[in-house]
Protein chains: 2
Amino acid sequence: MTDHGSAEHVLAALADPTRRRLLDLLAARGEATATVLAAELPVTRQAVVKHLAALDRVGLVAGHRRGREMRYRVLPERLSATARWMDQVAAQWDSRLSAIKRIAEGGS
Amino acid sequence: MTDHGSAEHVLAALADPTRRRLLDLLAARGEATATVLAAELPVTRQAVVKHLAALDRVGLVAGHRRGREMRYRVLPERLSATARWMDQVAAQWDSRLSAIKRIAEGGS
DNA sequence: ATTATGTGCAACTCTGAAGTTGCACATAAT
DNA sequence: ATTATGTGCAACTTCAGAGTTGCACATAAT
């Protein structure tokens with residue numbers, strides 16, 4: 001149920017350090033299975049599987065079967081979209097603050 | 001101990017929905033106290049205080065005394081910096097993936 | 001056919017963090 | 001001086017999710 005829209009959920013997914021390491025490993029390899037990834041992390045395969053499921057839910061990774069194994073790859077679009085969203089929010093804060101400042105100064 | 005550097009911690013701070021609403025309220029007002037903010041949220045003042053402390057730790061807000069009250073304001077720089085960082089990571093993923101694709105195709 | 005390797009599901013533990021309540025202290029207001 | 005409003009600290013409860021183990025099932029390999 002790949003949750004489209006809402007950068008909020010992407011943030012929650014990125015909040016976990018293990019998940020971030022996972023994404024880096026995936027990005028470096030282009031494609032990998034949960035078993036391979038678990039070998040390079042201090043957690044079990046099952047933990048990796050759950051993390052991949054979480055990342056899939058928010059659209060940061062996608063998986064497809066290859067024979068008996070399940071290969072995952074990273075989806076950069078989702079991340080860059082979230083970055084753009086975040087930048088807009090920052091800009092919004094900025095304009096709001098400068099507007100308030102203008103009123104406070106020039107005032108009457 | 002305003003944790004400078006590391007966009008990772010900013011992500012963790014932004015992961016919480018209450019914290020995001022808090023930031024929006026703050027940005028809209030320019031400045032506000034924990035008591036005022038709590039009045040507009042479904043949580044107690046104490047919860048708000050803890051959230052503000054968390055946001056302060058990662059540099060997303062800053063507080064200063066004004067008489068007997070503690071006023072907080074939002075810091076847009078931290079957010080835009082995190083957005084830039086995130087965009088760079090996305091670009092890194094992209095280049096990594098296209099490099100792998102190039103090797104897989106033309107190869108030699 | 002049998003062995004090995006990989007995936008998928010379920011039940012369980014455990015820690016961190018979100019939220020609460022209660023109270024003491026500080027600064028205004030009357 | 002007394003009352004009201006606001007902050008700060010500490011102890012407590014609750015719950016989601018990160019991680020585990022165990023086992024059943026699927027697909028290769030020999």
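A: Start with the main contributor. α4(B) gives the most to the surface near DNA strand C, with four residues. Near means that one of a residue's heavy atoms lies within 4 Å of the strand. Helices (H or I, at least four residues) and strands (E, at least two) are DSSP runs, numbered from the N terminus.

A word on the source. The model is predicted: local features need pLDDT of at least 70, side-chain atom pairs count only at pLDDT 80 or more, and totals for chains, interfaces and linings use all residues. Residues are numbered from 1 along each chain as its sequence is written, chains are lettered from A and ligands numbered from 1 in the order in which they are written, and side-chain values use heavy atoms, with hydrogens and water left out.

Now the surface itself. Around DNA strand C there are 21 residues, and A:Thr35, A:Arg68, B:Thr44, B:Lys50 and B:His51 come nearest. By class, the surface has nine charged, eight polar and four nonpolar residues. Here Ala, Val, Leu, Ile, Met, Phe, Trp, Tyr, Cys and Pro count as nonpolar, Asp, Glu, Lys and Arg as charged, and the others, Gly among them, as polar.

Next, the phosphates. An N or O atom in the side chain of B:His51 is 2.3 Å from a phosphate oxygen of DNA strand C. For B:Thr44, a polar backbone atom is 2.6 Å from a phosphate oxygen. For the side chain of B:Arg19, the distance from an N or O atom to a phosphate oxygen is 3.2 Å. Two or more residues each come from α2 and α4 of chain B, and from α4 (45–57) and β3 (69–74) of chain A.

The two chain B helices also meet. The axes of α2 (residues 17–29) and α4 (residues 45–57) of chain B come within 10 Å and cross at roughly 85 degrees. Axes are lines fitted to C-alpha atoms, for helices over the stretch in contact, with angles from 0 to 180 degrees between N-to-C directions. α2(B) is therefore roughly perpendicular to α4(B), a label for angles of 65 to 115 degrees. In contact (heavy atoms within 4.5 Å) are B:Thr18, B:Arg19, B:Leu22, B:Leu23 and B:Leu26 of α2(B) with B:Val48, B:His51, B:Leu52, B:Ala54 and B:Leu55 of α4(B). That contact has seven nonpolar, two polar and one charged residues.

Conventions. Angles under 35 degrees count as roughly parallel, over 145 as roughly antiparallel, 65 to 115 as roughly perpendicular and the rest as oblique. A polar contact is a pair of N or O atoms within 3.5 Å; within protein, one must be able to donate a hydrogen and the other to accept it, and residues adjacent in sequence count only if both atoms are side-chain atoms.
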